[in-house]
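Keep the 3D view open as you read.

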Amino acid sequence: MSQAPLRVALVGNPNCGKTALFNLLTGARQKVANYAGVTVERKEGRFDTPTGRRVQLLDLPGAYSFESTSPDERVTRDVLLGRYPGEAVPDLIVCVADATNLRLHLRFVLEVQQMGLPIVLALNMMDAAKRRGIVVDVAELARRLGMPVVETIAVRRDGAHGLLGLLDTHAPSVPEPAGDAQQPPSAQRHADLHAEVRAILRAAVTMPRATDARDDAIDRWTLDPVAGPLILAAVMFLVFQGVYSFGKPMTDAIGDAFDWLGALAAGWLPAGPLHSLITNGVFSGLGTVLGFLPEILVLFLFILVLEESGYLPRAAFLLDRMMVSVGLTGRSFIPLLSSFACAIPGVMGTRSITDPRDRLATILVAPLMTCSARLPVYALLIGAFIPHRPVLGVFNLQGIVLFALYVAGIAGAMAVGWVMKHLRRDRSEHALLMELPSYRMPKARDIALGLWERGMIFLKRLTGVILALTVLMWFISTFPAPPAGATGPAIDYSIAGYIGRALQYPFAPLGFNWQISLSLIPAFAARETAVAALATVYSVAGGDTDVVSLGHALASNIPLASALSLMVWFAFAPQCMSTLAVIRRETRSWRNVAISFGYMFVVAYLAALVTYQIARHFV
Amino acid sequence: MRLTDLPQGASALVETVEDAHASDPIAQRLRDLGFVCGEPVRVVARAPWGADPLLIQIGSTRFALRRAEAQRVSVQTGQTAS
């Protein structure tokens, strides 16, 4: 095809299924979930229609209107107006509307139509509409709107047939503007657009009832002033308990497998530096971190199910008042929850927070949420130091300690938010205005894909930055060899020994020995590397290669007070580099990076100091 | 009557959205979302602490509005559409 590709943009209200449609058409795997504001950036993909027409498809963040805009809505408006740098105005707009929510979505369709670009309407979620008995007279709707209308079901494999057919046959042309082309003043224009939507709905849509009876039934419980918070607490507790109960046995199995592999490799290789690199570096270091993959996947499983279900905005609704009292907003809830997976998508997700002040506050506290990279560190220390003991019959002490660490992060975030709220001068009003979507049954295929993606990201990190740092750690722990006639352990004479002992001075009051102090450096690149680094250091010093034996090595080398202090350090410490880089990118300010790093360092140091000094008197 | 005064479960028709100050972006956004004269609204739920925010049904959409936001919307009870 010599023709230039047709440039098509997907535009519509938040959570109407633009990204699902984008994925269906282009075969991409962009993140979809059931809440407003999942897509905060423009995304691009290509595909060919059945007759071979090239299409370049843009997925844009959802918007309610172009008048008052949050950063993500501004992206959409700028692209359509041709103001987005490096992006030409699209040849065709595919306006996507949720067929179950036309009263709201058609108004935006009309607003987009006023921009005068060629436009077609994709009525998405037609399956849900049919289930609820909503009947749309598509021909009448198209006639009234003055634009072609097709039905789509983005969650079904063949759900974009109509749209593809339209792209094949349709020559983009500017439609007749349905209303008055002149722009009356704002308030009047609003009333006009709304009146027009009402007239169109009356003529083309039959709706048996305004809401989904199923949603109403579920909301009666989940939004109840008493039952609602209890359900939320139970859900959160189940997540953390689940990570430990389901993930732990699998982690142990992986540890055993790596022991076996390490022993096998050790038998094959001749003794020497290579033998040491493979067994002490690669198998101890990487194997230990890899062992935590199941726990991370269990955590993601819960997060993905919650995101897909539509429950998260309900949680944000229940918690809004509390979050406002600590200087955040209910809208902060979803970015903060994704920060439990990783602070980077969390910080980026704050773009859906309209208000710059609320957004900055959320960005600054997001790294305090316990991300999945801390999980290996916590799991290692908990496994080594906290006895596996049932509490109240159903829970176990290890799970409770893990839960307490998560709570520490949340409490820290609340305290920091509260302090920031009282430090800043701007006390003006900021809006919530948040849409609660319909509940949706999570699809096994989407969840499996999401888990696969996360698993691959983890493995890439493991074979990239973590592997590189692990080999480096092995190198500095092994060389130089001890001088002839040396009496102490060989590692004391290595580079690692010297660096570690120098670092120990500032960290001795926290109860960290030199091995721990040393492991804090690679942890700054990726937190899990602390585990790999400790595994390498202790393994070079003579030990086995898996999680359990690293646990034993730690338990025999450091007191419980140091372990508690280290866990507290990891709860608050300014890490990792990538998070700081994304804060810089999202806020365009080094000052915010400095504030973020500075306050977290101070809080982590003080909290670990207090923990160690108190704990060593009791245990 | 203000939207905040409406009891839980009760329906009413929107009269108008008042700007709290000149060129009020929150009032503007409320109008964008469908809070315009004659539109039926219903208070679906109230959050646990201080009944703030409120969950408001408008059309087939549910929005969480803080009391300060809902305060801008004046409504009329009486005969309402479903």
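This is a predicted model: local features need pLDDT of at least 70, side-chain atom pairs count only at pLDDT 80 or more; totals for chains, interfaces and linings use all residues.

Two strands are said to pair if DSSP finds at least two bridges between them. Strand β11 of chain A (434-436) and strand β4 of chain B (residues 61-65) are joined by three bridges, and the two strands run antiparallel. To find your bearings there, pick out A:Glu435: its bridge partner in β4(B) is B:Phe63.

Now widen the view to the whole contact between the chains. On each side there are 32 residues: 32 of chain A touch 32 of chain B. Helix α12(A) gives the largest share, with five residues. Sorted by class, the side of chain A that touches chain B holds 15 nonpolar, nine polar and eight charged residues.

Next, move along chain A to helix α24 (residues 577-587) and helix α25 (residues 590-618), which pack at an angle of about 145° with their axes 8 Å apart. Their crossing is right-handed. From α24(A), the contact draws on A:Leu580, A:Ile583, A:Arg584 and A:Thr587, while α25(A) brings A:Trp590, A:Asn592, A:Val593, A:Ser596 and A:Phe597. What classes do the residues of this contact divide into? Five are nonpolar, three are polar and one is charged.

Technical notes:
Residues are numbered from 1 along each chain as its sequence is written. Chains are lettered from A and ligands numbered from 1 in the order in which they are written. Axes are lines fitted to C-alpha atoms, for helices over the stretch in contact, and angles run from 0 to 180 degrees between N-to-C directions. Helices (H or I, at least four residues) and strands (E, at least two) are DSSP runs, numbered from the N terminus. A crossing is left-handed if the near helix is turned anticlockwise from the far one by less than a right angle, and right-handed if clockwise. Two residues are in contact if their C-beta atoms, placed from the backbone, lie within 7 Å. Ala, Val, Leu, Ile, Met, Phe, Trp, Tyr, Cys and Pro count as nonpolar, Asp, Glu, Lys and Arg as charged, and the others, Gly among them, as polar.
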